[in-house]
Amino acid sequence: MGSTRRVWDWKARHSLTTGTINAGGGALASAVLGNAAHMPPLWAVGVGVTGAMGTYVSGMWQRKLGGTLTYRSSLWLAAGGWTSWSIATTPWSWTSLGALSAGLVLAVTTWPAMGRWEDAEVSRRRIAIINRKKNELGAEWVGRLERVCRIEGAKFVGLTFWDADNGYTVDMELPLGGTTWTDIQMHQDSLAADLRLADGCGVEVAKGANRGRVILRVTTVDIMSEEIPYPDDHAPRSMNQMLRFGVHRDGTLAEGSLLDDCGILIGTTGGGKTNQVNVTNAELLMTVDCLVWHIDITGAGISLPWLRTWALDGTVENPVIDWVAATVEEAVVMLVMAKQIIERRKQAYQDLMHEVDDDKIPVSPGLPEILIVADEAAQLPDSVQELMDDVINTGRAARVRLLSCALRATLDTITAPMKKHAKLRIGMHTNDAEEWAHLFAGYQKLELEDAPVPGSGFLAFSRPNPRPFKGYRLKPKRIDEIALAVADRRPVLDQPSLTVDAGPLYVTRWARVLPKLYADRELSDKARVYASGSAMVDEAVRLDDPTVHDQDLDALFKQVLSEGGVDIDGDDPFTTATTGVNGGEAGGPEPVGSGSGAPFDPSDPDTWPEDPDDPRWAELTKDAPTISDHPLGENVISLNSRRRGSAEPDDGDGQEEAVPVVSGNPDTTPSAAEAPRVTETVAPKQFALDFLHAKGTDGSGASEISATLKAAGYTTTRQTASDWLREWTATGQVVKNENVSPVRYVHKDHAPKLPGGST
């Protein structure tokens, strides 16, 4: 056996006991040697004095209290005095040894007590300094309220410094006479100016413990300009917890919930809205009891970063976003199914709600909330916004909620029900404070200086008064990390919700969506099987219908669209059985450009592409006449001139001939293929109505109107044309002729000419 070598640790510190023994032993050894060598006793006194001086200087450097310095110096002097006395006499006498022992016992017992006294005294003095500072600031605030707000008699109650050392909170008692905290709130900006605070700092005024108290949060260090990364924490969360959007200026979390209520998030271009939507996505995906559905018909920008790990990289098995609607039609299908789920859940989970004694369904991984995030709400047609309103109005108990995102919060982008039911409201950085006024309820005096940089903004949750906050920063690679962390714990749709009428369209959703999102990209192997529909087998089995792909999904698709208020012309069906991405078989609709499934034919409007940027439009319009050469175009020029308040010259006399908007002569009716490119400014809606009038008793449909407008240079979608037709029918400008197939819409001027009069 080999010997074990002992290793001595000379860096170890003494404990109180070993230190005392070491000091006593050193003093005894010095006394014995000095006595034996007949050393002068005063040498020991000199060593003790020197040690006392060194200890005092060292303690001063460490900012020890005077009492502690005196105590430690006295120990050195006592040791030096005993050693000197023992050298002069003898260290071995009972008197000498007793004195040494008594001194050591006294030191070992008083040292801890001295340390506790030191700590207590330091704390007491620190508190005294803080209290003195608080009282000084409190007195300043009493004077400031008198000086700035003209409020006399306010009393200082208390002040708390923030842990982040970037500000403090003041609690004030208001004077009698009816003064309220709102009387101070209107002076927030003036108070910040009186304090000479920088941009990004400020004063927040809030209600106190009662109506006679007011809270003032004062930020003295700007954190709004700092980038605050999204927390590096992938722990599972729940929708029963608050969602984290960033931090307030006082360092507290900017939080809100989308469990019971809906939300609105607005932000102008460059204000940080897209980043904040990503932060919201991250918070929702961190939960294990929420399915995230997206509506974004402007390119699915809120979805693509979250689908990358699955659709392109293939590093995760399943998509973290459960459903993406990148087209109006897909959005209608999604929202109609959401309405069906709301109705089904309210019926299917009555026993569960009774068991938990609540009028709302409890969410869990087996029964997840459905959270629909709709971006660019202003781009959605009225029919889709009406469906969103229905979900908002009816989905609370069923745990189907919606977050509306837009550039502005005006009524043309955010509907009244959206605002009414949105307890969570977030307004990101803008250059016009009036944009926030549209979002937050009541009179809110919000200053641009309080949210001075992109990524900052105001947040209100279940309260009327918004607070400034700085949103977390979430970058693409961090999104990939989160997607990888949460992909395996995403929940699935519960069985009752899956079996609604639109369930088969949910099962085959990715076969429709992926060809649209990644038309020119190579999908990963994991995503390709979804595009072909084969990855939907598990959901088909849960649907109790493994033959879902053999159903007439085209008919179901049109039925659901009709239920959602989208008119389906017989000349423009929506197909659901097409070739998939990268050559795979898919169960989704055809790629944009051939609504009927027939090959492209310039003479057949049914086969014209819906995308205005499709290169096939060049073939359709290469021989198109100018607007001035077209019978309809001439009248549009005349109409447009009158709208501008000036007439186009006619025969050089400067007078405009009062010609009708259209002639009504069928011989001059233009075909869609002849429609001119617009070179004059004219509203597309009026152009469409003029075209419908020109069609006479033949009438037209949404598809032909949309195609004609696109050939004329507009980018109007078929859905928009369909919305116009419904509006005109309701106002009597247009009559719906249901006596023909497909259904046609006829201008009211031609309705009496229809067989049997008007419908």
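Biologist: Which residues of α24 are buried?
Modeller: In this predicted model, the buried residues of α24 are Ala702, Ser703, Glu704, Ile705, Ser706, Ala707, Thr708, Leu709, Lys710 and Ala711. Helix α24 spans residues 702-711, and because 10 of its 10 residues are buried, it is largely enclosed by the rest of the structure.

Biologist: What follows α24?
Modeller: Gly713 comes after α24, and its phi is positive, near 105°.

Biologist: Changing topic to the sheet of 10 strands: what is its strand order?
Modeller: The order is β6-β5-β14-β13-β12-β7-β11-β10-β8-β9; the sheet is open and its pairing is mixed. Its edge strands are β6 (253-256) and β9 (323-325), each of which pairs on one side only. On average, neighbouring strands of this sheet are turned by 30° against each other, direction ignored.

Biologist: How many bridges join β5 to β6, and do they run parallel or antiparallel?
Modeller: Strand β5 (residues 243-248) is joined to β6 by 4 bridges, and the two run antiparallel. Arg244 has Glu255 in β6 as its bridge partner, and Gly246 stands opposite Ala254 of β6.

Biologist: And what lies between the strands of that hairpin?
Modeller: The hairpin of β5 and β6 has 4 residues between its strands, and Gly251 takes a positive phi near 90° there.

Biologist: Which side chains of β6 point to the buried face?
Modeller: The side chains alternate along β6: Ala254 and Gly256 point to one face and are buried.

Biologist: Another topic: where is Asn166 found?
Modeller: Asn166 is in the loop between β1 (155-161) and β2 (167-173).

Biologist: Is Asn166 buried or exposed, and why?
Modeller: Asn166 counts as buried because its relative accessibility is 3%, and the cut-off for buried is under 20%.

Biologist: What is Asn166 in contact with, leaving aside neighbours within four places in sequence?
Modeller: The contacts of Asn166 are then Val218, Thr219, Thr220, Val221, Ile223 and Arg249.

Biologist: Finally, the whole chain: how many helices and strands are there?
Modeller: The chain has 25 helices and 18 strands. Of its 759 residues, 48% are buried. Among contacts between residues at least 6 apart in sequence, 68% join residues at least 24 apart.

Note on methods
Residues are numbered from 1 along each chain as its sequence is written. This is a predicted model: local features need pLDDT of at least 70, side-chain atom pairs count only at pLDDT 80 or more; totals for chains, interfaces and linings use all residues. Side-chain values use heavy atoms; hydrogens and water are left out. Buried means under 20% relative accessible area, exposed over 50%, partly exposed in between (1.4 Å probe, protein chains only). Contact means heavy atoms within 4.5 Å. Two strands pair if DSSP finds at least two bridges between them. Axes are lines fitted to C-alpha atoms, for helices over the stretch in contact, and angles run from 0 to 180 degrees between N-to-C directions.
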